Amino acid sequence: MPNPLLDFSGLPRFSEISAEHVAPAMEQLLGEARGAMRRAEDAPATWERFVRPLEDATERLSRAWGQVEHLHAVLDSPALREAYNASLPKLTQFWTELGQNQRLFDKYRELKAAPEFAALAPARKKLVENALRDFRLGGAELPAALKPRYAAIQEELASLSAKFSENVLDATNAFSIVVDKDRISGIPEDALAAAREAAMKDEAPTDGRPRWKFNLQMPSYFPVMQYAEDRALRESLYRASSTRASEFGKPEWDNTPLIARVLELRKEDAQLLGYPNFAEVSLVPKMAQTPRQVIEFLGDLAARARPFAERDLAELKSFAAAELGIGNLEAWDIAYASEKLRAKRYAFSDQEVKQYFPETQVLPGMFELVQKLYQIRITGQSAPTWHKDVRFFDIRGAGDELIGGFYVDLYARETKRGGAWMDGAISRRRLEAGIQVPVAYLNCNFSGPVGGKPALFTHDEVITLFHEFGHGLHHLLTRVEDLGVAGINGVEWDAVELPSQFMENFCWEWEVLENMTRHVDSGQPLPRALYERMLAAKNFQSGLATLRQIEFSLFDMRLHSDFDPEARCSAPAGSAVLDLLDEVRREVAVMFPPAWNRFPNSFSHIFAGGYAAGYYGYKWAEVLSADAYSAFEDVRESKGILDAGTGRRFRDEILAVGGSRPAADSFRAFRGREPRVDALLRHSGMIPA
Ligand SMILES: [Zn+2]
């Protein structure tokens, strides 16, 4: 088959896909999908003759486009970016057309009313209900005269989202700073080795003096912020990072006008659909019912966290003044002073802990944990990938049956967007030939190996890896056989962080860590005494961290509910957004960044991801994930934290059912009761353990 994007016989043929394959593949698949849509309009309203053929055609389109989107996110190049952006409007147009299709909407209604509906499996019933809801939200009920406007909004929003993300990546890559020996004091060895390698890649300096090059990617940025004694160096990096994609940089990368436009379009979208604001639309398919409910939930949590955050900040300020000679704690001093305070109080540093977490130990350790918990087996396999650093693994069940597969792409690089995320490549479903096995992508931005040693991960990075793997298992361990509700498909977005945040908890268990750690040089496991100190420091500044998450969540929710740029101020576009952020901060925050901080300009979660009026979902789902984990804590004494019985129930009731039933039902089925906030507060040190 000449075009690898049209091959659905197995794993994506990543080593063969190039930019010129994109347009022809999409043309063909869009044609096929439109054909299927036309045929479905005239088909009888049954599962087999209507739902399934439509699903077949749209799945091929989504799968191929998913590969393109994935490459756009992890292997950006001018050619691919151009191909992606050229096809994006066509894809968006198709999805809008489908969502607005009155005849298909009627057909789903017919199916729901038919006697066949009662006989459908619960997963399929849920799928039909979801489809009806999504048709309503997709504009199917709009009068014909308004549909073109609605479609134009979707198209513009999709392009703006892609551009937002590209601007952040370009602005991130545009900055670097090269320094001499006199400015590197305090920065750890491995970060220096990477910075030295980066400097040497550029032309060799003629005077033969060694130099170090730092950039805004996390593995370079964060060690400087945490350890560099050169305060001006920290300030340079902080300033560059927190003004990315703003009016302080290249005008063509400025996200300010994009933000204003996105908000305007989302508002118009909501009003067309008959909702007062976009937050109301966003909440329709979520667990939370109204923006008010979310704002109250966040307000309650903020009130509980506030005294802890105030204490955290007061301690940090007095420590910085007394011991570091920093009288006026600036934003670029926070990570630095915090790490010093933590090192002093708990007698260890992030850097020391990191030596015990080489990748060669962490990855197998994480696999062993889930193998025990869920009675599965994970093995490395060869598969075509997009980069030499990417690996592929498969998951098999107790009877050696193939359950799923996943790619792991761990290291930061210029072609990859920042952060960490999981994405589905193939979803589970039953086909005539048998079960189609799900496949996932796990993407992180960790430091790679330097100086011939394996990559070393900070404990925070290990937690991130577990988090993404938790999403991956949700996608992979599903037993649902209908694509639309298999794995994370169809899961309420404010419950989707349950399996991921659940996994993070294991990073604090001795039973897990003693097997997962080996000192990179000595080969010794993590000393118990160091573990105890890590545990004691677990909730160091958790008040501050909680308030920060609440600040982002409230900003997001208010931006999409009661925000009115015109009423707020008449100043240039963008400052109304900053004005709202300031107001939110005055309400909940205890720390205030400099006035020139442009956090919204790189807040990709809500402007380029799926978290608009949904960022609160992290905290919302953390109530569920902490409470779910407490079921394991309940049996820790008697059976150990990796209790296979509790693991089986978690897999059966939460992971396996995916989106086939409401998340609240799944939680109740696992926990035997309604969720309680106690475990979250206890885990965060906000009530006695
Ligand atoms: Zn997540």
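This is a predicted model: local features need pLDDT of at least 70, side-chain atom pairs count only at pLDDT 80 or more; totals for chains, interfaces and linings use all residues.

Guide: The lining of the second largest pocket is made up of 11 nonpolar, five polar and 11 charged residues.

Visitor: How many residues line the second largest pocket, and which lie nearest its centre?
Guide: The lining has 27 residues, and Leu535, Lys538, Asn539, Arg682 and His683 lie nearest the centre. The volume of this pocket is about 530 Å³.

Visitor: Which helix gives the largest share of that lining?
Guide: That is α20, with five residues. Helices that each supply at least two residues include α13 (291-323), α14 (334-346) and α25 (617-634).

Visitor: What follows α20, and where is Gln541?
Guide: Gln541 sits in the loop between α20 and α21 (542-559). Its phi is near 60°, a positive value in a residue other than glycine.

Visitor: Is Gln541 buried or exposed?
Guide: Gln541 counts as buried because its relative accessible area is 14%, and the cut-off for buried is under 20%.

Visitor: What about Gln375: where is it placed?
Guide: Gln375 belongs to the loop between α16 (359-374) and β3 (377-381). Phi of Gln375 is near 55°, again positive in a residue other than glycine. With a relative accessible area of 47%, Gln375 is partly exposed.

Visitor: Changing topic, which residues does Glu252 touch?
Guide: Leaving aside residues up to four places away in sequence, Glu252 touches Lys163 and Asn167. Asn167 is 85 residues from Glu252 along the chain, yet their C-alpha atoms are separated by 8.0 Å.

Visitor: And where does Glu252 lie?
Guide: Glu252 lies in the loop between α10 (231-242) and α11 (256-272).

Methods: Residues are numbered from 1 along each chain as its sequence is written. Side-chain values use heavy atoms; hydrogens and water are left out. On a 1 Å grid over the protein atoms alone, a cavity is a set of points where a 1.4 Å probe fits but cannot get out, and a pocket is an open set with protein on both sides within 12 Å along at least five of seven lines; lining residues have an atom within 4 Å of a point. Grid points are joined across faces, edges and corners, and a volume is the space filled by probe spheres set on the points. Helices (H or I, at least four residues) and strands (E, at least two) are DSSP runs, numbered from the N terminus. Ala, Val, Leu, Ile, Met, Phe, Trp, Tyr, Cys and Pro count as nonpolar, Asp, Glu, Lys and Arg as charged, and the others, Gly among them, as polar. Contact means heavy atoms within 4.5 Å. Buried means under 20% relative accessible area, exposed over 50%, partly exposed in between (1.4 Å probe, protein chains only).
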